[in-house]
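Dear colleague,

Please find below the structure that I am handing over to you. My notes on what was found in it follow directly after.

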Amino acid sequence: MNGDSAHDELDERTLRQLAQLADGTLSGSRRDALEARVASSPELRVALERQRSAVAALRGADVPAPAGLRQRIEAEHSRPSVPVRRRRLAIGGALAGAAAAVALVLALVAPSGSGGPTVVEAAQLSGLPATQASVSVDPANPKLLSASVAGVSFPNLHADFVWHQAGSRSDDLNGRRTKTVFYKRAGQRIGYTILPGDPVDPPDGARQTVQNGVKLSTARDRAGAIVTWLRGGHTCVLSGSGVSAKDLREVASWKGDGAVPF
């Protein structure tokens with residue numbers, strides 16, 4: 001997917017449907033079609049998570065109803081001849097529509113594909129399936145794998161950390177062609193993503209540390225810890241559900257006795 005097609009996927013109609021999917025008001029064939037698109041698109045997965053976060057925030061906050069909605073509710077109460085059940089359905093539908101509209105506004109003002117990828121968006125790729133079954137070891141350097149992005153090779157974590165490589169995938173994330181290599185150990189899985197191009201800022205509030213001479217930023221989202229740092233001037237992102245931030249930082253700062261370039 002190129003940058004233009006990613007932008008097309010997030011048009012106003014799609015954002016509105018994502019808002020309805022997030023708050024449960026999208027149903028039938030439209031829901032099935034959108035869920036199929038979301039399943040195959042990292043861009044839409046990220047956008048849907050934003051919508052769900054917006055809906056959760058809306059439901060947990062004391063948000064006043066818009067003036068137009070209040071007038072409709074008052075008008076319904078002033079018409080006793082309207083059956084109660086129909087009146088409740090009308091008001092409920094209006095409230096659901098208001099929730100979807102607010103969620104849509106929040107999504108539109110949140111960072112989007114036009115502003116470049118974020119570290120959290122890159123970390124969400126670690127939850128997607130691998131599309132390439134395996135990645136071989138670099139025959140010239142057993143500390144590295146034969147996979148790279150913009151000249152930055154992925155590390156071979158088997159000997160030092162007992163993390164076995166478990167395939168990879170490539171994605172277009174807001175205009176940047178990223179690659180993620182997965183590693184597994186004792187039922188756990190982590191995703192190591194490299195984003196080419198200018199460095200991407202760590203999430204707000206990320207904890208800054210230095211380990212093995214490497215500047216690391218550690219943050220958290222709903223899935224768990226996220227560690228980000230630079231290698232060769234490009235942003236690396238490491239995350240995995242149920243994996244401690246300490247373990248992630250050890251992997252991120254590993255230099256393989258000088259065999260893993262930074």
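S153 belongs to strand 2, which spans residues 152-155. Helices (H or I, at least four residues) and strands (E, at least two) are DSSP runs, numbered from the N terminus. Please note that this is a predicted model, in which local features need pLDDT of at least 70 and side-chain atom pairs count only at pLDDT 80 or more, while totals for chains, interfaces and linings use all residues. Residues are numbered from 1 along each chain as its sequence is written, and side-chain values use heavy atoms, with hydrogens and water left out.

S153 counts as buried because its relative accessibility is 17%; buried means under 20% relative accessible area, exposed over 50%, and partly exposed in between (1.4 Å probe, protein chains only). Leaving aside residues up to four places away in sequence, S153 touches L144, L145, A147, S148 and R231, where contact means heavy atoms within 4.5 Å.

Turning to the sheet, 7 strands form an open sheet in the order 3-4-5-9-8-7-6, with antiparallel pairing. Strand 3 (164-173) and strand 6 (207-211) stand at the edges with a single partner strand each, so one side of each has no neighbour in the sheet. The twist from one strand to the next averages 25°. Two strands pair if DSSP finds at least two bridges between them; strand 6 and strand 7 (residues 214-221) run antiparallel and are joined by 5 bridges. Q208 has S217 in strand 7 as its bridge partner.

The aromatic residues come next. The whole structure holds 4 aromatic pairs. Rings of Phe, Tyr and Trp (its six-membered ring) pair if their centres lie within 6.5 Å; planes under 30 degrees apart count as stacked, over 60 as edge-to-face and the rest as tilted. The ring centres of F154 and Y192 are 5.4 Å apart and the planes stand at 70°, so this pair is edge-to-face. F154 in strand 2 and Y192 in strand 5 are 38 residues apart, and the pair thus links distant parts of the chain. Both residues, F154 and Y192, are buried. Ring pairs join F154, Y183, Y192 and W229 into a cluster.

Finally, the charged end of R189 sits over the ring of F182, 4.0 Å from the ring centre. Such a position requires NZ of Lys or CZ of Arg within 6 Å of the ring centre and within 35 degrees of the ring normal.

Yours sincerely

Key. Axes are lines fitted to C-alpha atoms, for helices over the stretch in contact, and angles run from 0 to 180 degrees between N-to-C directions.
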